[in-house]
Amino acid sequence: MQICLNDEWVNIPASTAEITLKQKIDFQAQYGDELDLMAKSISEMKDLEKELETLQFQFEQMFRTFAFFTNTTVEALKESEFIDKIASIYYSCLSQMNTLDEIQDLVQTHEWNDEEWVIDHPQLKNGDRMTFGEFIDAKQIIQNMLGLSKNRWECLIPLCAIFLRKKDELYDQSVLYEDSERLKLMETVPLSIALHVGFFLSISLSIYTQTFQSLAHQE
């Protein structure tokens, strides 16, 4: 959607499908890390203080998210006479970016750039296309990036390159080469799809762990 701000028209994403993974990474670097620390601090407070600080946190989250997508400042928004309108737009559109843990079911097939992209369902069976090498590459990526203090959203770019593929496309390690076209493309993947890749990885680890534990008990 478009809104007029300071006599200029700016685009506001209507959903996570209109937010790129790169935008989420940039937001995390600019505002998200500090917001995460605030949230952690609040979680350790006592009830009444927690309620008051939670309300303040929600305002901070709203102002910072709105400022990021409208290329304005948090201070200017706090002094605005139209906070009610800012809140209305935020809760109808932008707040979805800050409620990212609500995915319950994996969507395997996605339409993106007029093509069909697939996240293979994790299974351990003969003929499974999800190879051990892919998980080793993914593990190494996460370890390397965390060692460099990269946040989890930055980790998702190469992980999307590994696990999100065009229909019938097999894994090719060259997608992870520095400055590869696939890595650059994954920066533009919609956040709505990237979240399913992250969800896929979490349930994959759970499935594989349970499977190996089951096999161990059979011995």
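Mentor: Helix 6 covers residues 152-163, and its twelve residues should span 16 Å at 1.5 Å a residue; the expected span is 1.5 Å times one less than the number of residues. The end C-alpha atoms of helix 6 are 16 Å apart, which agrees. Helices here are DSSP runs of H or I with at least four residues, and strands are runs of E with at least two, numbered from the N terminus. This is a predicted model, in which local features need pLDDT of at least 70 and side-chain atom pairs count only at pLDDT 80 or more, while totals for chains, interfaces and linings use all residues. Residues are numbered from 1 along each chain as its sequence is written, and side-chain values use heavy atoms, with hydrogens and water left out.

Helix 6 is mostly covered, with ten of its twelve residues buried. Buried means under 20% relative accessible area, exposed over 50%, and partly exposed in between (1.4 Å probe, protein chains only). Among the buried residues of helix 6 are Trp153, Leu156, Pro158 and Phe163, as well as Cys155 and Cys160. Cysteine 160 counts as buried because its relative accessibility is 0%. Cysteine 93 is likewise buried, at 7%. The structure holds zero disulfides, a disulfide being a pair of cysteine sulfur atoms within 2.5 Å.

As for confidence, pLDDT is the predictor's confidence in each residue, from 0 to 100. The protein has a mean pLDDT of 83, and 82% of its residues reach 70 or more.
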